[in-house]
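Subject: Structure handover

Hello,

Here is the structure you are taking over.

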Amino acid sequence: MDKTFLPGHPSRKSKMLNDSRSALSASPARLKLSGQTKGMLLLVVAILMWGANWPVMKSGLNHITPIWFSTLRFALGAACLFVIQAATGKLILPKRHDVPLIASVGLLQMMTFTVLGAVAMTHVDAGRSAVLAYTTPLWVLPIAVLLLHEKLSRRELMGTFMGVMGVLILFNPLSLDWSNQPLVQANFMLLAASLCWALSMLHLRYSKNTSSAYQLAPWQMALACIPLSMLSWWAEGPYTGDGSRTLWEILLFMGPLATAFCFCAVNAASSWLSSTSMSTAMLGVPVVGLMMSVLFTDEVLTLPLLLGVFAILLGILVTITRHLGSTN
C-alpha cells in the first residue's frame, strides 16, 4: 500500500497545499470573467434603455424646451445617485486627480452631448437623431489608432467597418433637404455631439482614476447642471415645463433610469472595453431607437433601414463577442 495516500503523511499534506494554491490562483480569473459578463449585461440593458429614450425624449419636447429638459434630467439623475450612495455608504468626495474626468464627462458627454441632441431633435426625427448622435466610431477609430496608438484586432476592424457602413446606410445624406438650413444645422449639431462623446469615451478609457464610474457619476451630473441651468435661463427664459403628468412620468424615467443608471453602466463598461469596441457597441442605441420610433411614432420601416440595422448588429456581434470569453 502506498503510504503517501495515508492521512497525515507529509507528501499528502504537500499535495493538498499545492491543490489549494492552484485553486486560489485560478479564482481571480473566474471572478474577473464573471465581472466582465456582468458588465456586458449591464451595457446591453443600458443600450436598450437609451435606445427607447430617444422617442421618449422626442415626446418630452412637446411639454418643455430642450435645455430646461436636459437640466431637469441631470438634476434628477444626480439627486437619485447622491441619495442612493449616501444611504449605502458609497458616497465619496472626489479627489484632486478625479477632477479632469469629472470635467470631461460632466461637460462633454453629459452637458454638451445631451443639449445638442435635445435641440437638434426639435428639427430631426428621433430615429435619425439617434443614428447621427452615435456616429462615435467615425471619430474614435482614427483618434485611437493615430494619436493613442491603440492596437486593433482584425475582428475589431471588421466590426467597426460593418457598423460604420450601417450608419452611412441609415444616414443617407442624399435624402437630406440641404436647402433647409435649420434641418442641416441640426444634423451637424448631432455630429458634433457624437464627437464630444467620442472624446469623453477616450478619456474614460485611458484615465488612471482609482474612483469608480459609479462613485464619480453624481458629481459629473451635478457639474453638468450648473452651466445647464444658467444656459436655460439665458436662452429659454424662466422654467418652461407645462407641469403635466406626462412630463413628470417622462422625467421619472429619464432621471433615475436613462440618466443615473445608464451613464453609470456605460462609463463602467468604457473602463474595460477598448474604445473602438465600446463605440461600436454603442451603435446598438440608434438601432433600438429606430425600432422604437417605427413602433411608436410615424417613422416608416424601409429596406435601407433594415439593411443598416442588420449591418450595425452584425458589426456589434463581431466586435464585442471576443470580450465575453476574455479574462484579460
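The notes below cover confidence, one serine and the cysteines.

This is a predicted model, in which local features need pLDDT of at least 70 and side-chain atom pairs count only at pLDDT 80 or more, while totals for chains, interfaces and linings use all residues. Residues are numbered from 1 along each chain as its sequence is written, and side-chain values use heavy atoms, with hydrogens and water left out.

Confidence: the protein chain has a mean pLDDT (the predictor's confidence in each residue, from 0 to 100) of 80, and 84% of its residues reach 70 or more. The pLDDT is below 50 over residues 19-34, a stretch with eight contacts (heavy atoms within 4.5 Å) beyond near neighbours in sequence. Residues 324-328 are also below 50, with 11 contacts counted in that way. Where pLDDT is low, the predicted coordinates should not be read in detail.

Serine: Ser-129 sits in helix α4, residues 126-133 (a helix is a DSSP run of H or I, at least four residues, numbered from the N terminus). Ser-129 is buried (under 20% relative accessible area), at 0%. A polar atom of its side chain lies 2.8 Å from the backbone oxygen of Asp-125. Leaving out residues up to four places away in sequence, Ser-129 touches Trp-54, Met-121, Val-124 and Leu-190.

Cysteines: the model has zero disulfides, counted as pairs of cysteine sulfur atoms within 2.5 Å. The cysteine sulfur closest to that of Cys-262 belongs to Cys-264, and at 9.4 Å it is too far for a bond. Cys-262 is buried at 0% relative accessibility, and Cys-225 is buried at 14%.

Regards

Key:
Helix = DSSP H or I, 4+ residues; strand = E, 2+ residues; numbered from the N terminus. Buried < 20%, exposed > 50% of the residue type's maximum accessible area, 1.4 Å probe, protein only. Polar contact = N/O pair within 3.5 Å; in protein donor to acceptor, adjacent residues only side chain to side chain.
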